[in-house]
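This report covers a sheet, a chain and an interface, in that order.

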Amino acid sequence: MTEIPPSSGKKLGLVIDLDTCVGCQACATNCKQWNAGGHLAPLPDMKPYSAGAEGVWFNRVHSYEAGEGAEGRTVHFPRSCLHCETPACVTVCPTGASYKRAEDGIVLVNTDTCIGCGLCAWACPYGARELDEDEGVMKKCTLCVDRIYNETIPEAQRKPACVITCPVGARHFGDLGDPGSDVSQLVAARGGFDLMPEMGYAPTNKYLPPRRPMAPNPNPPAEAEPTPLDLKNPLLRWLDRALSR
Amino acid sequence: MNPAPSIVFFTTASGAGYGLLFWLGVLRPLRLLPASPSFALLALAIALLLITAGLASSLLHLGRPERAWRALSQWRSSWLSREGVAAIATYVPAGIMGLALLADRPGLATVAGMAAAIGAAVTVWCTGMIYASLKTVRQWHHPSVAPGYLLFAGFTGAMLLAAIGALAGRPVVPAMLSILLAIGALAAKRSYWKAMDAPKPAAAPTLESATGLGFIGRTRPLDPPHTEQNWLLREMGFRLARKHREKLRNLVILGFVATIPLALLAMIIGGPFGALLMVLAALAALAAMLAERWLMFAEATHTVTLYYNGES
């Protein structure tokens, strides 16, 4: 059923820190690696060894410049499904293949019933869905539903592939419906925000803003002069004494 | 947005077919059309042929056409599903109308024809709402889009009915109707284009709101996430039309305008030559509709392109 189910209160999602992301593409790469064999596998690659290589990825890392001059900065920006609370990609689906799970809010596609009409991708403002042109069905981020509940892997690894691989800890996973969870606390402390809030789809995933660069100290300390004790070299110590007279 | 030929053909052909079915069902009980059952049967056959060809073409757009029947299930939330249900439901009264005409049951044919007219209007409305309900595409999420689908279906349908009427020697009512609708279509299209060419509303999404980086300052793309194409860019980043916008718009206007003198002349001349002119007018209307539908897709921009080129 493509109507949005009543929420259980649990909203699993990601918090992405734009301050620490270095744009290394590890999240995108590990996502592709895991999901090529995961819940919505395979993820096709067309012409992988020649010009025009392209394929389905659930996570794409853009880089932007924001602001001008000394205030300006480069921001790396991973873009993936935000598992919205009121996702239009679900309600437009004519077959019921696109659905939102009541128990944890994850938005998924049933590739056995998807007809590949592409309307859900048209309805998503974030470009989170990509058509698998090999299989003729829609594919999207699963929030690694096959990792986070997977009791056959060590508990510490029961997180989305993008989170576990991030070398700078810029990606966090947890329950954003619980105000006491680590991710909710982080969002509250850092002023996490929604992407395109004006579209009204209430994304679950939050982004943390880049911190403002520290203002330069208006009264920088004068360079400290070396004391005789700093000068280990006897020749320099004599020179310092001679010149200081 | 990518103007997939299967969808451009579908909305043009089915739109004209449903328009024809609508006017046939409405005008026939008012005795404004040739009375013979053979005329109604011919018009009904052409309408159903166009509708069926269009629907078949729309299946080509699917990644898995063999599962198309599943699209009938989610009519509670999905306009695409509603369109499918309405399209199939409309075959029932249309089919009954055909059988009643064959069996010489004029009362039943009239009732079934009116039911088919309602079905046709509902189906075209659903088609329009598929596009009009998408907030992600500013050019589609506009109050004139769904009524426009009705208007253009009505125009091309009336034009076809006039052409079939001319072949039967009585085209005046549908021809006058099509002239009125042509003027309406021209006015609607011009006011729509004017609204689209106006500066974007301040509330429209920007790269700053899409990334949340507006608090730092103006935001622009630096490095793309991939250097080759992907499906998103081919489907939603189609840009060719904006380059040829003016020429294509003029072509649409020319096609709509041309139907008016052609239809008038056809009515004045009458006879086989007049019928030929009326058929030409209908073909001009359909050709202009194809161009209009192509532009409707090709001029539309999707918010995902904000992430790629900072514009939408």
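## A helix and a sheet in chain A

Helix α6 (residues 182-190) of chain A lies across β1, β10 and β11 of chain A and runs at about 120° to β10(A). Axes are lines fitted to C-alpha atoms, for helices over the stretch in contact, and angles run from 0 to 180 degrees between N-to-C directions. Helices (H or I, at least four residues) and strands (E, at least two) are DSSP runs, numbered from the N terminus. The model is predicted: local features need pLDDT of at least 70 and side-chain atom pairs count only at pLDDT 80 or more, while totals for chains, interfaces and linings use all residues. Residues are numbered from 1 along each chain as its sequence is written, and chains are lettered from A and ligands numbered from 1 in the order in which they are written.

The three strands make an open sheet of mixed pairing, in the order β10-β1-β11 (chain A); two strands pair if DSSP finds at least two bridges between them. β10 (171-175) and β11 (206-208) of chain A are the edge strands, each pairing on one side only. From one strand to the next the twist averages 25°. Three bridges link β1 (residues 12-17) of chain A to β11(A) in the parallel sense, and I16(A) has Y207(A) as its bridge partner there.

## Chain B

Chain B contains twelve helices and one strand. Its radius of gyration, taken over C-alpha atoms, is 21 Å, close to the 20 Å that the globule rule gives for 312 residues, so chain B is as compact as a globular protein of that length. The rule is 2.2 Å times the number of residues to the power 0.38. Buried residues, those with 20 or more other C-beta atoms (placed from the backbone) within 10 Å of their own, make up 52% of the chain.

An unreviewed UniProt entry places "transmembrane region" features in chain B, among them residues 39-63 and 172-188; such annotations may be inferred rather than shown by experiment. Residues 39-63 of chain B are 88% helix and 0% strand, with end C-alpha atoms 39 Å apart. For residues 172-188 of chain B the values are 100% helix, 0% strand and 24 Å.

## The contact between the chains

The contact takes 54 residues from chain A and 48 residues from chain B, where contact means C-beta atoms, placed from the backbone, within 7 Å. On the chain B side, β1(B) gives the largest share, five residues.

β1(B) also runs antiparallel to strand β4 (residues 59-66) of chain A, joined by four bridges. One pair is S63(A) with D223(B).

Methods: Contact = placed C-beta atoms within 7 Å. Buried ≥ 20, exposed ≤ 12 C-beta atoms within 10 Å, placed from the backbone.
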